[in-house]
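Here are my notes on this model, as numbered points. Please read them with the structure open.

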Amino acid sequence: MKGEEGTMTEANTSVGGQKPAMKGWVKAVFILSVTLNLLVAGVVVGGFLATERHPPRPPVGDVTLGPLGDAFSREDRDAMRRAAERSGTDFGSMRKAFRADMDRLIAALSADPWDEAAVRDALAGMRARTLRRMELGEQVMLDRLETMTPADRRAYAERLRERTERMDRRIGPPGDGRQMPPPPPPEE
């Protein structure tokens, strides 16, 4: 019996002592594996880059600033969110209350027979919470504007003007005679 290092089988040699080429199915699996790995890496990198370019809207939206809040710089929005949190605002509770209001409304709308009083109560609760968020947003915004320099306020006003014009281009200026499109026909 020869020593192990001196033995060679046909399975691991090829002509001229070179390594054998990959079999067709092994090559296909290898290419598929590399392709999938590159695809996953592309999705991860793409998601990271998209978040860097367009970060998620900050939670200050929970205090209902809408387009007024969007015109603030990212730093201003972060500062307003921190100020709202320092004042005792609990955004998590606000979201839970909104969800509870929505669940009540959905249940009332789904009731048979129709329960108008329950729908009115659910809508009233939603309105009261929305007004509270608007009041909080207004105060946080006013406090932030007070700390800004005149140049910062002018820059904010310019961003607000640009957003208003963009909205007018998208949906038309007020009083342009456009009407809302008709509702879709009811499903049968």
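**Helix packing, a cis bond and a pocket**

1. H4 and H5 are roughly antiparallel to each other, because their axes cross at roughly 160° and angles over 145 degrees count as roughly antiparallel. The model is a predicted one. The two axes come within 8 Å. The crossing of H4 and H5 is left-handed.

2. The contact of H4 with H5 deserves a look, residue by residue. From H4 come Met94, Ala97, Phe98, Asp101, Met102, Arg104, Leu105, Ala108 and Leu109. They meet Ala118, Val119, Asp121, Ala122, Leu123, Gly125, Met126, Arg129, Arg133 and Leu136 of H5. Sorted by class, this contact has 13 nonpolar residues, one polar and five charged.

3. Next, the loop that joins this pair. Pro113 sits in the loop between H4 (91-110) and H5. Which form does the peptide bond from Asp112 to Pro113 take, cis or trans? The bond is cis, with omega near 15°. For context, most peptide bonds are trans.

4. H5 (residues 116-147) also packs with H3 (residues 74-86), and their axes come within 10 Å. The crossing angle is roughly 125°. H3 and H5 are therefore oblique to each other. That follows because 65 to 115 degrees counts as roughly perpendicular and over 145 as roughly antiparallel, with the rest, apart from angles under 35, being oblique. H3 passes H5 in a right-handed crossing.

5. Which residues make the contact of H3 with H5? On the H3 side they are Asp76, Ala79, Met80 and Ala84. On the H5 side they are Val140, Met141 and Arg144.

6. Now the second largest pocket. Its volume is about 180 Å³. Its lining consists of Pro67, Asp70, Leu160, Arg163, Thr164, Arg166, Met167 and Arg170. Two elements give two or more residues to this lining: helix H2 (66-70) and helix H6 (150-171).

7. Which helix supplies the largest share of that lining? H6 does, with six residues. By class, the lining of the second largest pocket has four charged residues, three nonpolar and one polar. Among the charged ones are Asp70 and Arg163. Thr164 is the polar one.

8. The cis bond runs from Asp112 to Pro113. H6 gives six residues to the lining of the second largest pocket.

Conventions:
Residues are numbered from 1 along each chain as its sequence is written. This is a predicted model: local features need pLDDT of at least 70, side-chain atom pairs count only at pLDDT 80 or more; totals for chains, interfaces and linings use all residues. Side-chain values use heavy atoms; hydrogens and water are left out. On a 1 Å grid over the protein atoms alone, a cavity is a set of points where a 1.4 Å probe fits but cannot get out, and a pocket is an open set with protein on both sides within 12 Å along at least five of seven lines; lining residues have an atom within 4 Å of a point. Grid points are joined across faces, edges and corners, and a volume is the space filled by probe spheres set on the points. Helices (H or I, at least four residues) and strands (E, at least two) are DSSP runs, numbered from the N terminus. Axes are lines fitted to C-alpha atoms, for helices over the stretch in contact, and angles run from 0 to 180 degrees between N-to-C directions. A crossing is left-handed if the near helix is turned anticlockwise from the far one by less than a right angle, and right-handed if clockwise. Contact means heavy atoms within 4.5 Å.
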